[in-house]
Amino acid sequence: MQKLLPNKVIIVTGAAGGIGAASAEYFSAQGAIVALTDLQADPLQQTVRKINSQGGETISAVVDLCIEEQVANFFNQVHAKYGKIDGLMACAGVGYQQTVLETEAESFSRVMEANVLSVFLCCKHAYRLMQSAQSGSLVLIASRLAHAAYPNMTPYIASKGAVLSMSRSLAVDFGEAGIRVNAVLPGATETPMQIKEIAQSDNPVEARRFFENQTIIGGLAQPQDIAQAAGFLLSDNSRFITGTGVTVDGGCLARIFEGAAQKEI
Ligand SMILES: NC(=O)c1ccc[n+]([C@@H]2O[C@H](COP(=O)([O-])OP(=O)(O)OC[C@H]3O[C@@H](n4cnc5c(N)ncnc54)[C@H](O)[C@@H]3O)[C@@H](O)[C@H]2O)c1
C-alpha cells in the first residue's frame, strides 16, 4: 500500500511524550524522516531507538523550545542534513490546574511560554527554511478546550485558544509561500499528561469515568488517533485544507451535556 508521507522531512516537537512520540512513530511508518525534539533526553532517546529499530530514519536533539537560538539551531541542522523541511508537528506543551486566585503572574507566563511562544518560534523558523520550496504543512496541537472550558485551567485554556488563533493567522501569513497551517484539537487522550491530571483529582476512578463518558464514541482518545489526524494534515491528501482546526474528541463537543439538556426541557 502507498505510504502517506513518503520521504517527507517532518519535525515533531514533544517527541518524548504521549502524542508526540506516537506521532513520530506513525509518520515514520508512513515513510517520513522524522526530526525529533524534547526537553527530556532519556524518553526522547527511547522514541528514537524504537523508530530506528523499526528501520526508520531519525535526527534528534534536546531543545528548549522557549529559547529561540536553540530552536533556530535545531531547525538549521535538520535543513542542512536533508536539504529541506516538509512539515512540522508542534506538539510540545505543558498542562496546568490551579484556581485563578492561586495563579501567580509567573505561572501564567510559564504556561504561555511553553504552549504559545514555543509554537510561534517553531513556526517562524520552519517558515524561514521552508518558504523557498513553495510547499509544506504545519500542524499545531491545540485542544478541544480552545472551544469549551473546564474549571481551574485558565492559563492552559487561554494558551490553547491562542494556538488555534495562531494557526489561522499563520495560514494567512504563510499562504503565499504555499505553506498550509492547521490545528488539531485533541480531546482527553491517554498520555502521561492526561494520566497525571486524572491521578491528581480527588477521585481518580470517577475522574477517568467522567472523561470516558463525555464522548459519543466512548472511552479516551489514544495518542494514535491524534497522530493519524495530524498525518493526514501533513500529507498531500489535505492539499486544499488550511487555516482550520480538526477536533479529535470522540464527539464530546458535539453533544450537549445531558444535565444541561434536561434543565433546558
Ligand atoms: N493528553 C491530552 O488529553 C491532551 C488533550 C488536548 C491537548 N493535548 C496537547 O497535546 C500535546 C501533547 O500532550 P501529551 O498529552 O502528549 O503531553 P506529554 O506531557 O506526554 O508531552 C508533552 C511533551 O512536551 C515536552 N515539552 C514541554 N515543554 C517543552 C519545551 N519548552 N521544550 C521542549 N519540549 C517541551 C515535554 O517534555 C513532554 O515530553 C500538548 O500540547 C497538550 O497540551 C493533550
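Helices are DSSP runs of H or I with at least four residues, strands are runs of E with at least two, and both are numbered from the N terminus. The model is a predicted one: local features need pLDDT of at least 70, side-chain atom pairs count only at pLDDT 80 or more, and totals for chains, interfaces and linings use all residues. Residue numbers start from 1 along each chain as its sequence is written.

So what does α3 itself look like? Helix α3 takes in residues 68-82, and its 15 residues reach 21 Å from first C-alpha to last, close to the 21 Å expected at 1.5 Å a residue (the expected span is 1.5 Å times one less than the number of residues). Val 71, Phe 74, Phe 75 and Val 78 are its buried residues (20 or more other C-beta atoms within 10 Å of the residue's own; exposed means 12 or fewer, and partly exposed is in between, with C-beta atoms placed from the backbone). These four cover an arc of only 95° around the axis, so they sit on the same side of α3; the arc is that of the directions from the helix axis to the C-beta atoms. An α-helix has 3.6 residues a turn, so residues three or four places apart point the same way. Over on the other side of α3, Glu 69 and Ala 80 are exposed.

Zooming out, the chain has 9 helices and 7 strands, and 45% of its 265 residues count as buried.
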